[in-house]
Amino acid sequence: MAGSWRKLKKYLSLKLSSHSDPSLPPPPGIPRNDVVRSPSSRSSSTSFTSRLSRSFSTRSSKPGEKTCAICLGNLTTRQGQAIFAAECSHSFHFNCIASSVRHGNRLCPICRSQWRDIPFQAPANVGDPQCNGTGQARVSPYHPTPEDFHSQTTRNLQLLSYQSREPHHFSDDESLVVNSAESADPTSPVSLFRPQLVTVKALPEYPAITASESFHTFAVLVGIKAPALLDDARLLDRAPIDLVVVLDVSGSMAGSKLSLLKHAASFLIQNLSPSDRLSIVSFSSTAQRIFHLRRMSDNGREDACLAINSLKPSGGTNIVEGLKKGVRVLEERREQNPVASIILLSDGKDNYNCDNVNQRQSSHCASSNPRQVLEYLNLLPASICPSNRDSGDEGRRVIIPVHTFGFGKDHDSTAMHAISDASGGTFSFIESLAIVQDAFAMCIGGLLSVVALELRLTVKSVSPGVHIKSIPSGKYSSEICDQGQQGVINVGDLYAEEGKEFLIYLTVPELSSAEGEERMEKTSLLDVMCSYKDSVSKEVVQVECERVEIRRPVVLSPMDMIVCLDVDRQRNRLWVAEGIAEAQRMAETGNLEGAKAVLAQRRSTLLSSPSAQAGDGLCNWLESELREIRERMASMELYEQTGRAYVLSGLSSHSWQRATTRGHSTTQITLLNRECGDSRTRGVIGYETPTMVGMVTKSQTLNLTPTQRSRRLNKSCSFNPRSG
């Protein structure tokens with residue numbers, strides 16, 4: 001097969017260069033009587049190219065189905081894509097041919113005739129008075145000079161050849177780009193810039209306790225926050241990524257689902273930099289790598305979009321095979337970028353593996369049963385499910401985060417949530433088809449802003465009798481060692497301006513001073529430090545904060561008895577998350593009334609807390625979340641349709657303290673000031689970071705008309721990061 005492709009490409013090259021040498025013979029293997037000899041080299045080329053186009057159309061289309069010669073996609077009308085009919089009578093997708101023209105190609109890809117009227121597409125952010133008033137495509141008169149279409153056609157042949165054969169080993173990844181920071185001018189401001197450090201804070205629950213008191217669960221809030229990206233050095237100031245997108249193209253994705261998915265994937269591709277690399281895996285009944293791991297240069301992005309546009313729906317849903325192939329791309333690559341991740345999207349249940357696990361006991365892949373969840377996870381590679389590692393293999397494999405997206409109401413939210421939880425990724429629920437691009441934007445807004453790698457937070461007791469009792473760290477691994485003298489939380493990678501907060505619960509002894517000894521007025525509790533690898537320099541950085549101390553007076557003043565609102569806020573967040581998890585477990589057994597009672601009780605406790613009474617925005621958001629979950633538990637039918645997925649995406653967000661898409665919206669909070677509502681709840685108060693918000697805003701702006709875009713830009717955007 002490979003030999004035939006090489007002959008075909010060689011023959012095409014010879015035919016397209018026949019202007020300079022019309023006497024060239026056909027390559028070996030092509031019958032001489034197939035070559036049309038003519039005084040006009042152009043007619044010969046036209047004949048061959050037409051036959052080539054017909055052969056591609058026959059291979060990729062059903063009889064009578066028109067095909068775009070550039071992306072090989074269907075040209076059927078009423079599928080949401082504009083069709084350009086050229087003066088030579090050949091038709092193409094408008095976006096495909098407009099992109100080709102922007103790269104300097106002025107000849108018909110099929111018959112090579114020169115066009116007087118060419119397709120033109122104005123940039124989304126440029127107002128053109130000659131446009132049709134919406135910033136969309138139009139046809140522009142143009143008088144071209146003869147230019148060859150050889151390069152574009154050759155690249156299309158290479159892409160088709162790559163999709164038609166899959167190597168046994170995925171070690172064909174494109175080499176990494178030379179580090180831009182290292183190759184930059186050493187005297188430039190960017191090269192001399194030293195990134196800001198991760199900041200660390202620690203706050204005790206109360207500023208003082210009496211000397212005669214002892215506490216068994218005294219809370220200390222420990223928080224970290226990553227530095228911002230520089231506006232003038234965003235590509236140099238973050239870690240490049242190796243990203244694999246694993247996309248469901250089963251029969252249920254036909255129609256608007258697949259069309260919107262293609263738009264979303266193209267948006268993702270266009271926002272990757274030349275330092276980033278991307279691979280694409282599609283799956284239905286089987287899985288196929290349709291695009292090998294390549295740098296997203298101009299050519300790389302264009303070819304990746306061609307691969308996305310070639311997707312066609314068919315068959316069943318085999319999520320496990322799709323993930324296995326995606327993992328192989330990253331495990332077998334020759335070189336590695338500092339960050340690696342997988343994005344998985346599916347709209348259905350894994351009907352090739354779930355049925356075997358669940359013995360067809362439920363129409364929803366009843367993976368809410370813990371045993372069945374474990375059996376399903378056992379089918380996955382160890383790189384995304386560490387519990388599947390062989391004994392003695394611990395620590396040798398890097399865990400690859402899988403960010404899963406459940407599309408629509410029929411996906412298996414429990415399985416998707418379990419996959420993301422096991423791998424360290426997040427689970428997002430895309431209830432509305434229209435927000436799939438925004439959901440991808442939210443995710444890559446974080447992935448494309450990693451500034452700290454392998455962050456590790458350490459706390460140490462510094463006084464006799466002060467012991468670390470517990471560290472509720474969500475899904476982040478933590479350990480307490482040295483008989484409660486030291487605690488460690490493994491946070492991993494941090495996005496720009498992303499914050500994490502943890503409560504450390506301590507025992508604090510009473511102070512007893514012997515006769516004649518001076519009474520101690522303070523008790524030192526903890527030393528806090530974090531270490532991480534800088535994403536640019538790759539150097540290990542260590543940051544410490546001031547020692548945590550409390551006063552020990554004989555009598556407390558009124559100010560000493562006021563709880564720290566930051567500690568109370570974090571306690572509320574954990575209290576609500578635990579309540580949601582308990583309610584979800586009850587709902588899975590059919591006890592919706594009990595689940596709603598738990599949510600009501602948690603809401604009541606939340607609203608009576610000091611931070612909620614003070615009008616804290618995070619508490620208001622948590623109260624709204626509890627109310628939304630109660631509404632989605634109104635009936636078992638509603639819970640199974642949308643409630644389960646909404647709850648699990650929320651639990652994923654809380655357990656990792658990272659933003660996810662839930663339901664109809666990509667944001668869990670209000671991004672823009674609105675005319676109604678409490679002003680205290682305006683602005684970002686959840687887990688979103690500025691880069692996430694910026695990427696979502698970019699996605700939403702691209703879908704607006706110029707008038708809507710102007711109105712959006714004129715609105716004031718109040719971005720207030722989460723307090724603390």
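Modeller: Before we start, a word on names: helices (H or I, at least four residues) and strands (E, at least two) are DSSP runs, numbered from the N terminus. This is a predicted model, so local features need pLDDT of at least 70, side-chain atom pairs count only at pLDDT 80 or more, and totals for chains, interfaces and linings use all residues. Residues are numbered from 1 along each chain as its sequence is written, and side-chain values use heavy atoms, with hydrogens and water left out.

Biologist: Fine. Where does His292 sit?

Modeller: His292 is in strand β9 (residues 287-295).

Biologist: And is His292 buried or exposed?

Modeller: Buried means under 20% relative accessible area, exposed over 50%, and partly exposed in between (1.4 Å probe, protein chains only). His292 has a relative accessible area of 13%, so it counts as buried. Its C-alpha atom is 5.0 Å from that of Ser279, 13 residues apart along the chain.

Biologist: Which strands form the open sheet, and in what order?

Modeller: Two strands pair if DSSP finds at least two bridges between them. Here 6 strands line up as β9-β8-β7-β10-β11-β12, with mixed pairing. The edges are β9 and β12 (427-430), each pairing on one side only. Inside the sheet, β7 (residues 241-248) and β8 (residues 277-283) run parallel, joined by 7 bridges. Ser279 turns up again there, opposite Val244.

Biologist: What about β17: how many of its residues are buried?

Modeller: β17 (residues 499-508) has 10 of its 10 residues buried. Both faces are covered, with Leu503 and Tyr505 among the residues on one side and Phe502 and Ile504 among those on the other. Strand β6 (residues 215-225) runs antiparallel to β17, with 9 bridges between them; Ala219 has Tyr505 as its bridge partner. Strand β14 (residues 467-470) is also antiparallel to β17, through 3 bridges, and there Ile468 partners Leu506.

Biologist: Now helices. How do I read a packed pair?

Modeller: Two packed helices are described by the angle between their axes and the distance between the axes. Axes are lines fitted to C-alpha atoms, for helices over the stretch in contact, and angles run from 0 to 180 degrees between N-to-C directions. Contact means heavy atoms within 4.5 Å.

Biologist: At what angle do α12 and α18 cross?

Modeller: The axes of α12 (residues 413-423) and α18 (residues 636-656) cross at roughly 10° and come within 9 Å. Angles under 35 degrees count as roughly parallel, over 145 as roughly antiparallel, 65 to 115 as roughly perpendicular and the rest as oblique, so α12 and α18 are roughly parallel to each other. The contact includes His417 and Asp421 of α12 and Arg644 and Leu648 of α18.
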